[in-house]
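Let's take a friendly walk through this model, from the place where two chains meet to the make-up of each one. Keep the viewer open as you read.

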Amino acid sequence: MLGALPACKSLPSLSREKEAEVVFALGPRDGFTSPLSGALKPACPALEFAGEKFALTGAHKKTLAVVVADWSKDKPRYLIAGYSQPGLPDDFARSLSERRAQAVRQYLIESGVEAANMQTVGYGFDSSPTSSVVVIYRQ
Amino acid sequence: MSVLRLFIFLSLSTALVPCAQSVTLPAWLRLLKPMSRAGAPRAALKRVSVSDFTGGTGESALRGLVKELTQAREFTLTSESPDFTISGSSVGGRVTGRVVNREGEKLLDRTYAAPGLDENLKAFADDLIFAVTGKPGLATSRIAFVSDKSGTKQVYLCDPDGKDLQQVTHHTYGCVSPSLNADGSAVAYTSYKTGFPVVQVLDLGLGWERTVSDTPGSSFGSAFSPDGNRLAVVMSFLGNPEIFVIDLTTNSAACISDTTGVPGSPSWHPDGKQVIFSDDRGDGPRLYVTEVSETNEAEAKRIRWRTGYGFCADPEFSPEADSVAFTARIGSELAVVVKGWPNGSSRVIQSGGAAHPSWSPNGRYLCYTQHGTLYVQNLYTGQKQAILNGHGQITEPRWMK
């Protein structure tokens, strides 16, 4: 039993999300249109998140493959907007929705999408849709 | 040897537990014990006498002042052997008030010349409460909150009794997450006026609005420092949300958190040297406290503050820094909890969907929202009062400190 304990160090933590090795800072927001000020077209179906999770699942990555393929054609810019369901503390909901949007942006960067072509925003449940989704708007 | 130490420890523990239990009061006697936030019995109230006010509006001033002081419940109003005596005069709404102690020493002698009698009386009531008790009064304090009554979320202000309601923002896409500075002269909030969340400060006296943070990503969760010169905010331009402190005098910002999680709702310690915030690092939002370094070179200490709850947000230090109020999730519903700082027991103040607690300046009351209604609860008596109901969905109340 004691001999097996050192091997525990290599086991992944069950409670924590996997952290990215490199985090890319956001570029200037000039020229990006907010979904509040005009109807924007989503680049793919909304990504739904369960509970307070902010890590991407296999289903999310499958959906995002559409965006990666779309980007390689004419290199558009995307606004990644996070939303959350009511019932959470307001400020936590804003931060959580922003964090989810950042997780999507991080995955798209790692998949080859140019970091400067993406902006994130977290609305919590201050704006519709008031559900736990991330919507990628093509600019 | 270690077995012997363990045996001694266990023996002492079992010997001490009955002693600790023996001083616990029976349930019926606990009701007689004065309820106190810190657990200590309350000091006897000072005896204060209000004598006649001279002048044309003296009689109205006297009535108004007695009403203010009765509502404040900071001391006993009596003419029998008073510790302090209040006197004054009022002409044309102006109020001159004096406070003299038992030895005849003058503690306060001030004239209030604001346009309205009520405004002057409130200012005098707060000053004399501070002169007698050393704690701030609530008559002139304000509560900022968010309401969707106008169709979009906007920031409003009201008195602690829900009166003198005032809408302070009118942005097209709304404003949320307000924070009042210490003297109530400015309010910081997150504005969606550009379609993106930016932090702005509105000077309530002059009416000008200033954008403090318009960085890529989101900016939200502003909280004024006790001296009013700094603002703790969440910004995400680095690629993940982090807590920053913005110096409003120099427009410089410093990151005080170190997380790849979900930080939010920063709030200042009354000494202005620490900030408490929630952070979800993958296992639910917990509370963390970080020092705010005065220089760039100094290394800031960060600790996780264990509350016993797996979901905590919206923390706020009490004015005396002996407790922290926060929103916890108990079962599937939110609840307001107060826990002693840095160590102490937790007390559920209100469950059933109560959220976003904020302390009154004197630390005796908490305001919070529950199902869209704004409540103020006396922490000594447990008495709860809905001060604003039917004014849209009210969220994020923040009491001026």
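## Where the chains meet

Two residues are in contact here if their C-beta atoms, placed from the backbone, lie within 7 Å. Please keep in mind that this is a predicted model. Counted that way, the contact draws 41 residues from chain B and 32 residues from chain A.

On the chain B side, the elements giving two or more residues are β9 (175-180), β13 (219-224), β17 (262-268), β18 (274-280), β21 (312-317), β25 (354-359) and β29 (394-399) of chain B. β17(B) gives the most, with four residues. By residue class, the side of chain B that touches chain A has 16 nonpolar, 19 polar and six charged residues.

## How chain B is built

Chain B holds four helices and 29 strands. Its domain assignment gives domain 1 (46-133) and domain 2 (143-399). Taken over C-alpha atoms, the centres of domain 1 of chain B and domain 2 of chain B are 34 Å apart.

Of the 401 residues of chain B, 42% count as buried. Looking at contacts in chain B between residues at least 6 apart in sequence, 42% join residues at least 24 apart.

## A helix in chain A

Now turn to helix α2 (residues 90-110) of chain A, which has 21 residues. From first C-alpha to last, α2(A) reaches 31 Å, close to the 30 Å expected at 1.5 Å a residue. Is α2(A) enclosed by the rest of the structure, or exposed? Because 18 of its 21 residues are buried, α2(A) is largely enclosed by the rest of the structure.

Just after α2(A) comes A:Gly112, which takes a positive phi of about 110°.

Conventions
Residues numbered from 1 in each chain as written. Chains lettered and ligands numbered in written order. Predicted model: local features only at pLDDT ≥ 70, side-chain atom pairs only at ≥ 80, totals over all residues. Domains from an automatic or database assignment. Expected span 1.5 Å × (residues − 1). Buried ≥ 20, exposed ≤ 12 C-beta atoms within 10 Å, placed from the backbone. Nonpolar A, V, L, I, M, F, W, Y, C, P; charged D, E, K, R; others polar.
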